[in-house]
Amino acid sequence: MDRFVIPQKKMRADGNLRTENIPVVVDEQPCLLIETEDNEELEEEQLAASEAGATGEQIENNGASSSSTAGTDGENPGGGVDLTGDLSHGPAEKPRQPQLKAYPRRSFGSQGQLASRSFSYSWFKQYQWLEYSVSKDAAFCFACRHFFHSVHGSGGHSEKCFTQEGFKNWRKGGEKLAQHNASASHKVAMEGCCEFKEREKNGSRILTQLHDDGHKKIVKENRIYMRAVVESLRFTACQTIGQRGHREDEQSTNRGNFLEMLHLLGKFDSTVSKKLSSGPGNAKYVHHDIQNELIDIMACILREQVSNEVKLGEHFTLMVDETKDVSKKEQISIVLRYIHNDDIYEEFLDFVPADGLDAESLLVTVKGALAKFNIDKNACVGQCYDGASVMSGCNNGVQEKFRREVPHAVYIHCHAHRLNLVLVDCVHNVKPVADCFATVQLLYNFFSGSVTHKVFMQKQTELEPTKRAVELKRLSDTRWACQYYSLWAIKQTLPSILATLEEVTNQTNSHRAIEARSLNGLIDAQFVLQIYMLENIFGLTKTLSDQLQATDLDLASAIDLVLVLVDTLKEKRKGETWTHLWQGANDMCERVGIDMQHQQAKRKIIQPSHLQQFHVSNSNTRKKILQTPEDYKIHCFFPVLDRLISELNRRFSADSCHVMKGVAAINPKHKTFLHQDALQPMARHYGILEDNLSAELHQLKRLIDRKKQNGVSLNSTHDLLILLRPYKEAFIDLYKLVCISMTLPVSTAACERSFSCLRRLKTYLRNKSGDVRTSNLAVLAISSRRTKEIDVDVVIDRFAANHNNRRIVLF
């Protein structure tokens, strides 16, 4: 037997280092390994552990066997520890040591001697094994949680205060932490922790020096196979298709997308094929529990990236919305908006099942999600929800309750929902418009039938053979900005609609014939004119709606877009728009045979005597028959424009919030650009002194003038951010305001997009999918760009670190 020597440095109880030879078994033959290089990294780590309070007994070699990883799959042999929260999930991770601006305070003492104490960040520097849970406001011991039971098994006794319940007595924090650091159980756990780190550092180097070709070949084959497993899961997750099948045995013709994809890869890779066909039945790693774990690892990697980017950006805004999935479960979508590398990011964080739909329950759910992913809520500068009272209530809504805890988090009503409310108000309060949309919905319902739809498509082909056939669009009850497509479809196919109604009227089906005759009577000159008029106006609101949903749109630009729409509507009121609309509707009426000039009322409409001295805007008398272009203009066109302009000015007023004034003053295109009076309220809200703001504004104006002389122009807030980036140390306060201005959200469109993904993930056949799996799959699917950039080797390494007792060797 060849003898090798490996110098392993161990620390004695007296603090001195000694070297031991460690025997290693290779290919079932005992030998001693030699390592010619000094293990400097291990020595530095052991010295750091000694300085952190660990005694020589903590890492002295006492003959105990190397510890194996504990707490795999979210469990702990000691029982009771929830590793799915904001603590470390496994021994391969580092202790969670979040640095908050202010830790929660507790009151201690009695009889009038109450003292408010909190967790101290300085304890992290003194005890490297210490970790802190934000959600529980408690301290834990990283070593005891992961390594005590791996050394003692089910025997021994560890301090539950630092492993299960969490230490919270901040009044005696220094004393209790010192006692735990010197306890025997903690020293045993620290020994296992040091040996685990030592094995991680030296294992690959030892194998390389031994040139164990056989072992390396096995590891390589196993990692190739695991790569195929991970890639199959990643592909199905990004495509939002189901992984599992109804029957997954060998006799099934369809074992689900995951297994079918894995077997397809096996046809092109002999290693994958061999593992699937001849590998051990309990080591193929295709069980749904393994799938869940690998999906969770990939989702954790993405969430860690988002968490790190939020910390670098220093500020973020919170967007929350709620929907029901196919199983009728209330799902809360949480999205964060922040600046990273001078770009705006809106990243989906989690789907959380709602325990209740009251404000307090929703607030607890949102705060728990932020703490779970190690995101400091105190860095939140804004919150954006829809107009539901439970979210936007100014007294007991979620936004108000959250603002009491985080005063800087201003509430912003989603601009897309505001625009929707403007259109709803216009449609419901202008009678001719409401009648028009009711007729549009009736037409869609009638032409959705199989017989009428077939005739409708044939008529389009006969009348306009060179054009592509168009289907009528269904109205949306919640997204009125999208009604433009319904109006456009009717405008394009009106001749075919009338021809279809005429043909169906002559069919033998009496019910369908009567319905067609009724619809034919509703399509008159007034309806045609309203279709032309509303299609023109709703085209403008559709453009604004699309722009408000853009991820890179900042609040200042959104306000400008609304003001541009208001100016456009005012121009339409006094311009030549009505003449063009009237001419287009008149040409269409002549084309389809509708008389637009002679429509007489059956009887003269008489105003009630008690109302003759008043102007009645919404009369309860019969429908007025419009005859002249002036009648249509006064009773149809002007009411719609005036209502839209009035509602846009009311709901999008820039003066409704002092922060909004500051946001507008940061926009280079706004008339109040860099005016101190407009910026001061916003600066005061975010804790910026008036003197500092005044000095920086003076210098910034001089800088902008000098840049303009060199040909540099500022067209948006983003351009101002790029300009200030090299000088952010000189313009600290102004740079902060610009970042906050761009971070404030415009709409909750990102939450709405996550709902679209949820509908693809949780379908009728997948309605029993677990909440954690659904949320993780949503993260991978929505952030597909990040998902495709994940290093598969990192996923395999994390998986291997959680399974030291695995059947296939991965390192």
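The following legends describe close-up views of one predicted protein model.

In this predicted model, local features are reported at pLDDT of at least 70 and side-chain atom pairs at pLDDT 80 or more, whereas totals for chains, interfaces and linings use all residues. Residues are numbered from 1 along each chain as its sequence is written, and side-chain values use heavy atoms, with hydrogens and water left out.

**Figure 1. Overview of the protein chain.** The protein chain has 32 helices and 13 strands; these are DSSP runs numbered from the N terminus, with helices (H or I) of at least four residues and strands (E) of at least two. Of the 811 residues, 49% are buried; buried means under 20% relative accessible area, exposed over 50%, and partly exposed in between (1.4 Å probe, protein chains only). The chain exposes about 40300 Å², of which carbon and sulfur atoms supply 49%; such areas come from the Shrake-Rupley method with a 1.4 Å probe, and for residues only the protein chains shown count as cover. Among contacts between residues at least 6 apart in sequence, 71% join residues at least 24 apart, where contact means heavy atoms within 4.5 Å.

Figure 2. Strand 7 (residues 130-133) and strand 8 (residues 138-141) run antiparallel and are joined by four bridges; two strands are taken as paired if DSSP finds at least two bridges between them. In general, strands of a sheet pair through backbone hydrogen bonds, either parallel or antiparallel. Ser 133 stands opposite Ala 138 in strand 8. Leu 130 and Tyr 132 point one way from strand 7, Glu 131 and Ser 133 point the other way, and all are buried. Four residues lie between the strands of this hairpin, in which Asp 137 takes a positive phi near 50°.

Figure 3. Strand 9 (residues 316-324) and strand 12 (residues 380-385) pair in the parallel sense over four bridges, and Thr 317 stands opposite Gly 382 in strand 12.

Figure 4. Helix 17 (residues 450-463) has 14 residues and reaches 20 Å from its first C-alpha to its last, close to the 20 Å expected at 1.5 Å a residue; the expected span is 1.5 Å times one less than the number of residues. Thr 452, Val 455, Phe 456, Met 457, Lys 459 and Gln 460 of helix 17 are buried. The buried residues of this helix pack against helix 16 (431-447), helix 18 and helix 19 (510-522). Ser 496 belongs to helix 18 (residues 484-505) and touches Phe 456, Lys 459, Gln 460 and Leu 463, not counting residues up to four places away in sequence. Ser 496 counts as buried because its relative accessibility is 4%.

**Figure 5. Two loop residues with positive phi.** Glu 314 is found in the loop between helix 11 (288-313) and strand 9. Phi of Glu 314 is near 75°, a positive value in a residue other than glycine. Glu 314 is exposed because its relative accessible area is 52%. Leu 674 lies in the loop between helix 24 (658-666) and helix 25 (676-685) and has a positive phi of about 60° although it is not a glycine. At 4% relative accessibility, Leu 674 counts as buried.

**Figure 6. Surroundings of Thr 717.** Thr 717 is placed in helix 27 (residues 717-724) and, at 0% relative accessibility, counts as buried. Not counting residues up to four places away in sequence, Thr 717 touches Asp 554, Ala 556, Ile 666, Asn 667, Pro 668, Val 738, Ser 741 and Met 742.

**Figure 7. Cysteine residues.** The count comes to zero disulfides, a disulfide being a pair of cysteine sulfur atoms within 2.5 Å. Cys 161 counts as partly exposed because its relative accessibility is 27%. Cys 739 is buried, with a relative accessible area of 9%.
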